[in-house]
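Please look at the sequence and the model first.

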Amino acid sequence: MTRSQQITLGLALGFALFLGFLLGLSVSDQWIVVILIALGCGFITRFVLQWFLKRRSHG
């Protein structure tokens, strides 16, 4: 994975965690649920974006 792909992945993860945190706050008042939703969004984004970047780099 190139340096620019790593930067893109990092920015996307940060954005996904932030959006997951906001989604969790809108869904629940319990902090553990909010954190789990944010982490779930982060993991989903990480795996989807990694798959996409690998697929794109292999042509």
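## Q50 and its contacts

Beyond its neighbours within four places in sequence, Q50 is in contact with M1 and L9, where contact means heavy atoms within 4.5 Å. Q50 lies in helix α2; helices (H or I, at least four residues) are DSSP runs, numbered from the N terminus. Between Q50 and T2 there are 48 residues in sequence and 12 Å in space, C-alpha to C-alpha.

This is a predicted model, in which local features need pLDDT of at least 70, side-chain atom pairs count only at pLDDT 80 or more, and totals for chains, interfaces and linings use all residues. Residues are numbered from 1 along each chain as its sequence is written, and side-chain values use heavy atoms, with hydrogens and water left out.

## Helix α1

Helix α1 covers residues 3-27. Its 25 residues should span 36 Å at 1.5 Å a residue, and its end C-alpha atoms are 36 Å apart, which agrees; the expected span is 1.5 Å times one less than the number of residues.

The buried residues in α1 are Q5, L9, A16, G20 and G24, buried being under 20% relative accessible area, exposed over 50% and partly exposed in between (1.4 Å probe, protein chains only). These buried residues pack against α2 (31-57).

## Helix α2

V34, A38, G42, L49, Q50 and L53 are buried in α2, and the buried residues of α2 pack against α1.

F52 is also found in helix α2. Its relative accessibility is 37%, so F52 counts as partly exposed. F52 and L23 are 29 residues apart in sequence and, C-alpha to C-alpha, 24 Å apart in space.

## How the helices pack

Two packed helices are described by the angle between their axes and the distance between the axes. The axes of α1 and α2 come within 7 Å and cross at roughly 150 degrees. Axes are lines fitted to C-alpha atoms, for helices over the stretch in contact, and angles run from 0 to 180 degrees between N-to-C directions. The two helices are therefore roughly antiparallel to each other, a term for angles over 145 degrees.

The contact of α1 with α2 has, by class, 17 nonpolar, eight polar and one charged residues. Ala, Val, Leu, Ile, Met, Phe, Trp, Tyr, Cys and Pro count as nonpolar, Asp, Glu, Lys and Arg as charged, and the others, Gly among them, as polar.

Key
Parallel < 35°, antiparallel > 145°, perpendicular 65-115°, else oblique.
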